[in-house]
Amino acid sequence: MRIATGVMAAGMVLALAGTAAAEPAKQPSAAQLKEARQLATEFFSDLKGELQKAIAEGGPTHAVEVCARVAPGIAGELSTHSGWAVGRTALKVRNPRNSPSVRERAVLMAFKQRVEAGEPMKTMESAAVIEEGGRRYLHYMKAIPTKGVCLTCHGETLSPALKKAIDAEYPADAATGFELGELRGAFTFVKPLE
Ligand code: HEC
């Protein structure tokens with residue numbers, strides 16, 4: 001009974017991950033999914049916590065520093081202790097280094113459509129086992145919602161000081177104009193499988 005439930009849950013996730021259709025999709029195990037979900041939760045709560053702390057301490061301009069250095073820092077730390085390559089991506093990016101791969105872009109587009117169709121982002125995810133260069137990898141993505149705190153730096157209007165700080169560091173910034181509750185992007189997790 002327990003096993004059957006686990007298999008069903010994983011199957012549902014794959015069914016929801018519609019865009020993985022082009023891949024030779026094999027099912028990640030329930031344990032692998034659980035691990036990825038835990039990491040995604042950890043990443044988001046660490047990041048929100050650090051952002052709120054930084055804005056409280058030194059205002060949004062200081063927090064740009066946090067997003068620029070601390071987010072990759074948290075990602076790096078999570079990668080080291082988990083064995084997953086952890087990152088963030090979006091359809092509109094501030095840092096070109098976070099640009100999505102072809103596959104990630106397809107998943108992001110599907111997430112966007114699902115959000116527009118009214119699906120909650122809290123549980124929105126995509127998981128697939130993908131073969132690359134003779135090795136198998138588990139690719140997991142988790143939708144990131146735009147929260148109130150995010151609008152300070154990703155919303156329609158940015159304070160002039162903040163805009164200046166962002167422009168100085170990110171001349172190609174495309175990650176503004178977001179609205180509350182819109183899809184901001186996705187966390188990405190990739191792990192080589194044995
Ligand atoms: C204080 C300003 C600030 C706030 C607040 C902020 N961000 Fe960012 N965000 C940035 C900066 C700067 C980057 C570029 C980081 C880098 O160089 O990787 C970024 C990058 C990102 C990226 C990676 C894709 C990209 O555009 O390069 C995502 C996803 C993201 N932010 C989501 C959020 C979410 C979700 C929130 C709210 C919980 C948030 N941000 C709040 C400044 C901010």
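Two rings of Phe, Tyr or Trp form an aromatic pair if their centres lie within 6.5 Å. By this criterion, a search of the whole structure, which is a predicted model, finds three aromatic pairs. This briefing describes aromatic pairs, lysine side chains over rings, and the surroundings of the ligand and its iron atom.

**Aromatic pair Phe43–Phe187**

- The ring centres of Phe43 and Phe187 are 4.5 Å apart and the ring planes meet at 35 degrees; planes under 30 degrees apart would count as stacked and those over 60 as edge-to-face, so this pair is tilted.
- Ring pairs join Phe43 and Phe187 with Phe44 in a cluster.

**Aromatic pair Tyr140–Phe189**

- Tyr140 and Phe189 also form a tilted pair, with 5.9 Å from centre to centre and 50 degrees between the planes.
- Because Tyr140 is located in strand β3 (residues 135-145) and Phe189 in strand β4, this pair ties together parts that are 49 residues apart in sequence.
- Buried residues are those under 20% relative accessible area; Tyr140 has a relative accessibility of 2% and therefore counts as buried.
- Phe189 is likewise buried, its relative accessible area being 0%.

**Lysine side chains over aromatic rings**

- The face of Phe44, a member of the cluster with Phe43 and Phe187, has Lys48 over it, at 4.3 Å from the ring centre.
- A further case is Lys92, which lies over the face of Phe178 at 4.6 Å from the ring centre.

**Iron atom and ligand**

- The iron atom of the ligand has a single donor from the protein, namely NE2 of His154, at 2.1 Å.
- His154 is part of helix α4 (residues 148-154).
- The ligand is surrounded by 21 residues, of which the closest are Arg94, Asn98, Cys150, Cys153 and His154.
- Tyr170 has a polar side-chain atom 2.7 Å from an oxygen atom of the ligand.
- For Arg184, an N or O atom of the side chain is 2.7 Å from an oxygen atom of the ligand.

Notes: Residues are numbered from 1 along each chain as its sequence is written. This is a predicted model: local features need pLDDT of at least 70, side-chain atom pairs count only at pLDDT 80 or more; totals for chains, interfaces and linings use all residues. Side-chain values use heavy atoms; hydrogens and water are left out. Rings of Phe, Tyr and Trp (its six-membered ring) pair if their centres lie within 6.5 Å; planes under 30 degrees apart count as stacked, over 60 as edge-to-face and the rest as tilted. Helices (H or I, at least four residues) and strands (E, at least two) are DSSP runs, numbered from the N terminus. Buried means under 20% relative accessible area, exposed over 50%, partly exposed in between (1.4 Å probe, protein chains only). A charge sits over a ring if NZ of Lys or CZ of Arg is within 6 Å of the ring centre and within 35 degrees of the ring normal. Donors are N, O and S atoms within 2.8 Å of the metal (3.2 Å for Na, K and Ca); water is not among the atoms, so sites may look incomplete. A residue is near a molecule or strand if one of its heavy atoms lies within 4 Å of it. A polar contact is a pair of N or O atoms within 3.5 Å; within protein, one must be able to donate a hydrogen and the other to accept it, and residues adjacent in sequence count only if both atoms are side-chain atoms.
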